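Please look over the sequence and the structure shown below. The report that follows treats helix packing, domains and the surroundings of a ligand.

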Amino acid sequence: MARYVYDFAEGNKELKELLGGKGANLAEMTRMGLPVPPGFTITTEACRAYLRTGSVPAGLFAEVQEHLRLVEARMGKTLGDPQDPLLLSVRSGGKFSMPGMMETILDIGLTDSSVRGLAAQSGDERFAWDSYRRLIQMFGKTVFGVPGAEFESELAAARAHAGAATDAELPVAQLRDVVQAYKKVFQAHTGRDFPQAPHEQLFLAVTSVFQSWNAERAVLYRRQERIPHDLGTAVNVMAMVFGNRGPDSGTGVAFTRDPATGKRGAYGDYLQNAQGEDVVAGIRNTVGLDELAKLDPHSHRELLSVMERLEQRYRDLCDIEFTIERGKLWMLQTRVGKRTAAAAFVIAAQLIDEGTITLDEALQRVTGEQLAHLMFPSFDTSAAPAPLTTGVPASPGAAVGEIVFDSARAAAAGRPVILVRPETNPDDLPGMIAAQGILTSHGGKTSHAAVVARGMGKTCVCGAEELRIDLAAETVTVNGTVLRAGDVLSLDGTTGRVYPGAVPVHPSPVVRYFEGELSDGDDPLLAAVQRLMTHADQVRRLGVHANADTAADAARARRFGATGIGLCRTEHMFLGERRELVERLILAEDDTERDAALAALLPLQRDDFVALFEAMDGLPVTVRLIDPPLHEFLPALEDLTARVATAEALGEDPGRDAVLLAAVRRMHESNPMLGLRGVRLGLVVPGLFAMQVRAIAEAAALRVAAGGDPRPEIMVPLVGAVPELETVRAEAESVLRGIEGIPPIRIGTMIEVPRAALTAGDIAQSAEFFSFGTNDLTQMTWGFSRDDVEGAFFGRYLSLGIFTVSPFETIDRDGVGELVRIAVERGRATRPDLTIGVCGEHGGDPASVQFFHRAGLDYVSCSPFRVPVARLEAGRAAG
Ligand code: ADP
Ligand code: MG
Ligand code: MG
């Protein structure tokens, strides 16, 4: 018979898929002998069965009852016992952490009768009634969808009535009234009384945790974090422990190192006399762990020793949730903690130094994504005005945008905005995703805003307590300055400073380090980056080239570690003042006119190549012959039409414009992407490719003569059939034969038309190398044009799950990727030493780099700024 429930003592940290991360780690801590309240986990499989069928799998609740009896035996209490009730928490937790996205219900088991038992047993009536009101509130909200605000306003009314500043100051009588009021709210919304059978509470709670897997915000979070939607959540049922039993109790969260900078040493927030999510919600202000050391030195010591053991066990930074009940420490959660990109590098290097992990493992602890993040610019503080205020630097970065007070409006803004809130909650997720940065007036580094922003790599400053946010008036006042929605703010997530207006941004230290402007000196981040990059370079098999068209770009690419140019587009060599020559080429009425235009273009292109080969001396430079349709170099149809019409209306001669207009009309294409471009141009416009080949070869000869080591390669775009390439090759070779003193120049092709991938075996007869143009290959495989579709239907496709990510961002492994695999296999079958690279945008995308490594490519080529990212990721792929 299928088994759906595991006692904590039966699991371990490797069982995340079955028990969820939280359950697997609770089990691991239990095995380690740490103080974890007893409990059990209902598997993700049970959740998947529920989501599939809409009902709880047969036998599940019987199994739950059995395991519950074990918990009862261990605690010496029984669920629902009117004298001394056992209380339970019911907690969600899938394979991947989704902080605050699903549901957790605390204090299950309290009823009108057991609340009195709890009061009598604990000798603390206040505590018992406070727990009961929390249950009704959480249960009502989660299981029955009662609006949270209705409970909140009852609570606020009670506070006002009692003259209490916080909930913790509410006297018992008041709390009893709150419970009565809550029950009325519950009744009014659900049409039934609050359930008085503890087992019913438990089963309803379990079912609603299953359902919370598909809550809107959970779905949105998974999409953002690329977590599959079909995993389901596990449900953890465990005995409650209480942080709200007076000043010798409390609850907290902690990290074994600083998750923002990676600095060694425990870091945490503690809230005295509080339960559950009070800390994370940022509702009351917390104290640091050093304060806990004064309040309760014994628990503090034990906590530090637990944290040390966890680090040893997990060999990484851990974050934990703990509760202290009357001086006794309880562990409620741990996991390998999220961290900023900078902290990831610093911690990986520390762990090598501490002898905990190897260099190879360290490489797996950082990602190309994180390195890309570290290469973002930050504020130029020398040009910044005095900050308005300083909050907690929760997630680094430099964000500039207009103030928005409301998540829905932030999500709809379509402009750079800063989301300003007293605190955030999971409902704010769409706004947080859309905003450049998030600013809150409450909460610490572990508040919802901070945790979620760090996870998304988004700039966040939280707990800026000087801010007076008036959501109704849409103003924020700080030290006498009043700001309104639409005013511009700059947020520095690294220092916590908040500036008025738009502060200029400057390049990241990591970029300056790659540029050679900074040394790694004693900066721990730069030293860590240096160390991991060096190792990545040692282990990677993939070469990393750059897409660069100019000598300046080539030089930067070299500084960033590129070992060649994988794509030099020659289009820019036809722009600017040279347009006129292109016009002459297009309008040429005979060979003489055309040859004259080409002859005028030749020296200009040659000079461009000389500079490029010099910048890339000794390394391959793959030059792509001209690709775009020629009419793209002519003025736009609308402009010409208007100019000709104006001239005619004025009775003037439109002259050259009339000729150009006729040419533009003649050359008009309905689908230019599928029109006269690439190799087709070379076959149709006599002398065009020959001129480019000559410019390349003559430039190489000049460099050789100057003592250089030019290594050009000629790449033919858009080939779909081997005769196209053979024709171009014959023409090119005859040009090359006529030029003295040139190095060997290989001729190859892009693979960017599906037919080329399928006939790669034939094409390799004539091609000495392949380079996948994955932008075109993606467009042509899917049959949609990148320029037209992103705004049109990609959003819908993403929400329907047809894509989890745009195929222009990360290679579509199943479709486009399959063509890549086919072309590699067939190309190499014909020519075993065929060099194969990729030069589309995907060459700098971490997930795609992993794919290209596995597909057996020789190199990836990407924009200069992505070169370090590709190097790192190529190293990770090889590890
Ligand atoms: P999330 O996944 O959103 O962090 P959790 O399941 O961790 O949700 O629950 C949120 C909070 O509820 C915890 O941080 C903890 O403070 C409190 N909590 C959960 N279980 C218990 C328990 N058995 N006893 C006391 N508090 C609990
Ligand atoms: Mg938690
Ligand atoms: Mg292309």
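## Helices H33 and H34

In this predicted model, helix H33 (residues 846–854) and helix H34 (residues 867–878) have axes that come within 9 Å and cross at roughly 50°.

On the side of H33, the contact is formed by Pro 846, Val 849, Gln 850 and His 853. H34 contributes Val 869, Ala 870, Glu 873, Ala 874, Ala 877 and Ala 878. Sorted by class, the residues of this contact comprise seven nonpolar, two polar and one charged.

## Helices H19 and H34

H34 also packs with helix H19 (residues 524–539), the two axes coming within 8 Å and crossing at roughly 60°. This angle makes H19 oblique to H34. Here the crossing is left-handed.

From H19, the residues that meet H34 are Leu 532, Met 533, His 535, Ala 536, Asp 537 and Val 539. Their partners in H34 are Pro 868, Arg 871, Leu 872, Ala 874, Gly 875, Arg 876 and Ala 878. Eight nonpolar, two polar and three charged residues make up the contact of H19 with H34. Ala 874 and Ala 878 of H34 take part in the contact with H33 and also in the contact with H19.

## Helices H23 and H24

Another pair consists of helix H23 (residues 637–649) and helix H24 (residues 656–667). Their axes come within 9 Å and cross at roughly 145°, and the crossing is left-handed.

In H23, the contact involves Leu 637, Leu 640, Thr 641, Arg 643, Val 644 and Ala 647. In H24, Asp 657, Ala 658, Leu 660, Leu 661 and Val 664 take part. The contact of H23 with H24 divides into eight nonpolar residues, one polar and two charged.

## Domains

Which domains does the assignment give for the protein? Domain 1 covers 5–239, domain 2 covers 250–336 and domain 3 covers 376–506. Domain 4 is given as 540–629 + 669–878, and domain 5 as 634–668. The centres of domain 2 and domain 5, taken over C-alpha atoms, are separated by 74 Å.

## The surroundings of ligand 1

How many residues surround ligand 1? There are 18, the closest being Ser 89, Arg 91, Thr 104, Gly 276 and Glu 321. By class, this shell has seven nonpolar, eight polar and three charged residues.

Domain 1 (5–239) and domain 2 (250–336) each provide at least three residues of the shell. At least two residues come from each of strand E5 (88–94), strand E6 (104–108), strand E11 (318–325) and strand E12 (328–336). E5 supplies the largest share, three residues.

Conventions: Residues numbered from 1 in each chain as written. Chains lettered and ligands numbered in written order. Predicted model: local features only at pLDDT ≥ 70, side-chain atom pairs only at ≥ 80, totals over all residues. Axes fitted to C-alpha atoms, helices over the stretch in contact; angles between N-to-C directions. Helix = DSSP H or I, 4+ residues; strand = E, 2+ residues; numbered from the N terminus. Contact = placed C-beta atoms within 7 Å. Nonpolar A, V, L, I, M, F, W, Y, C, P; charged D, E, K, R; others polar. Domains from an automatic or database assignment. Near = placed C-beta within 6 Å. Left-handed = near helix turned anticlockwise from the far one by under 90°. Parallel < 35°, antiparallel > 145°, perpendicular 65-115°, else oblique.
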